[in-house]
Amino acid sequence: MRIGIVGAGAVGAQAAFAIACDGAAREIILCDRNPALARAQAEDIAHAVPFLSPVILRAGEIAELEGAGLIILAAGVSQKSGETRLALLERNAAVFAEILGQIAQAAPEAILLVATNPVDIMTDIATRLSGLPPGRVIGSGTILDTARFRSLLSRHIGIAPQSFHAYVLGEHGDSEVLVWSSARAGTGALDQVARQMGRPLTGEIRARIDDGVRRAAYRIIEGKGATWFGIGAGLARIVRAIASDEHSVLSVSIRTPEVAGVTGATLSLPRVLGRDGVLADLDPGLDPEETAALARSARLLAETAAELRL
């Protein structure tokens, strides 16, 4: 599959590197409004390719993305001093409008994968501006939060993170919902397995894990200015699920007709991904408290999206 990445900053470049490591793409084209940056990132990553998979990696213009099966949107503008979140969103919407117009001409059949933050709202914007079906405009959503959840569970219980089936849903942000009630490790309920391993999940431990997931980005940004390794790997995982038509279940964000009684929200649920994008939504099996939390998250996102002038 030919992959386009629009935005060659830290996230876009790390996504390109992770995809090259994974081997899910035949060709990766990096595009940026700063062509020198795109060329430098592409050349740097290309020098790693002899150690990785046989992928063609180069810089180019959006017009060169003809035939791309999937395009990652990692472009956007930074917040100005004193600028409101809504004003920033509207400026980023203008950036997306220009990019999506060019993509529609070059690769109208491509699936769009949105990485620009705030990712749920930017995915909503991309869906509305592109006119594509929601299942073909996918936000990275809570795939990284889910990975953080599983990583912290692994660290506490002592089982590999790949053996956990535990999800974070809703907003990729402060209102996200850690789903404890249906979480499992291997074939067992999470609490049962934790006790068997001699590492029970007390209220204090749950609170610590919740904070570790919910506040992870703040701590990383405080230390180094931005996050890119985790989301780069998450984007590569989504690309592989689509390119290989895996029908894997991942927590990604799309515009959702109704969830927890709320309409018009773009947010993450467990979703089946394959060659055509999102193929199905799965019932996350929430308890009443989690359902109420997901409804609050959905209302927040729906109300923010409704305020935007596109």
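**A three-stranded sheet**

An open sheet of three strands is arranged in the order β7-β10-β11, and its pairing is antiparallel. At its edges stand β7 (164–165) and β11 (188–189), each of which pairs on one side only. Strands here are DSSP runs of E with at least two residues, helices are runs of H or I with at least four residues, and both are numbered from the N terminus. Two strands pair if DSSP finds at least two bridges between them. In general, the strands of a sheet pair through backbone hydrogen bonds, either parallel or antiparallel. Between β7 and β10 there are two bridges, and the two strands run antiparallel. Opposite H165 stands R184 in β10.

The model is a predicted one, in which local features need pLDDT of at least 70 and side-chain atom pairs count only at pLDDT 80 or more, while totals for chains, interfaces and linings use all residues. Residues are numbered from 1 along each chain as its sequence is written, and side-chain values use heavy atoms, with hydrogens and water left out.

Is strand β1 enclosed or open to the outside? Five of the five residues of β1 (residues 2–6) are buried, so this strand is largely enclosed by the rest of the structure. Buried means under 20% relative accessible area, exposed means over 50%, and partly exposed lies in between (1.4 Å probe, protein chains only). Both faces of β1 are covered, with R2, G4 and V6 buried on one side and I3 and I5 buried on the other.

Strand β1 pairs with β2 in the parallel sense over five bridges, and R2 stands opposite E27 in β2. From β1 the chain passes through helix α1 (residues 10–22) to β2, a β-α-β crossover that is right-handed. This term applies if, with the strands pointing away from the viewer, the path from the first strand over the helix to the second runs clockwise. Strand β1 also runs parallel to β4, to which four bridges join it; the bridge partner of G4 in β4 is I71.

**The nonpolar cores**

A nonpolar core is a set of buried Ala, Val, Leu, Ile, Met, Phe, Trp, Tyr and Cys residues joined through side-chain atoms within 4.5 Å. The largest such core has 42 residues, of which V6, L65, I71, L73, F96, I103 and V114 touch the most other members. At least two residues of this core come from each of β2 (27–31), β4 (70–73), α3 (85–106), β5 (111–114), α4 (119–130), β13 (262–274) and α10 (288–307). Helix α10 gives the largest share, seven residues. A second, separate core of 39 residues includes A16, A236, I242 and V278.

Contact means heavy atoms within 4.5 Å. Apart from neighbours within four places in sequence, the residues in contact with V114 include L73, F96, M122 and I138.

D124 belongs to helix α4 and is buried, with a relative accessible area of 1%. The C-alpha atoms of D124 and V114 are 9.7 Å apart, although 10 residues separate the two along the chain. If neighbours within four places in sequence are set aside, D124 is in contact with R255, G264, T266 and A305.

P134 lies in the loop between α4 and β6 (137–139). With a relative accessible area of 32%, P134 is partly exposed. Residues up to four places away in sequence not being counted, P134 touches T127, I254 and R255. The C-alpha atoms of P134 and T266 are separated by 9.3 Å, and these residues are 132 apart along the chain.

**Aromatic rings**

Rings of Phe, Tyr and Trp (its six-membered ring) pair if their centres lie within 6.5 Å; planes under 30 degrees apart count as stacked, over 60 as edge-to-face and the rest as tilted. A search of the whole structure finds two such pairs, listed below.

| Pair | Distance between centres | Angle between planes | Type |
|---|---|---|---|
| F149 and W180 | 5.0 Å | 75° | edge-to-face |
| W228 and F229 | 5.9 Å | 55° | tilted |

F149 in helix α5 (residues 143–157) and W180 in the loop between β9 (177–178) and β10 (184–185) are 31 residues apart, and the pair links distant parts of the chain. Both F149 and W180 are buried. W228, at 24% relative accessibility, counts as partly exposed.

A charge sits over a ring if NZ of Lys or CZ of Arg is within 6 Å of the ring centre and within 35 degrees of the ring normal. The charged end of K224 is placed over the ring of W228, 3.8 Å from its centre. R215 lies over the face of Y218, at 4.0 Å from the ring centre.
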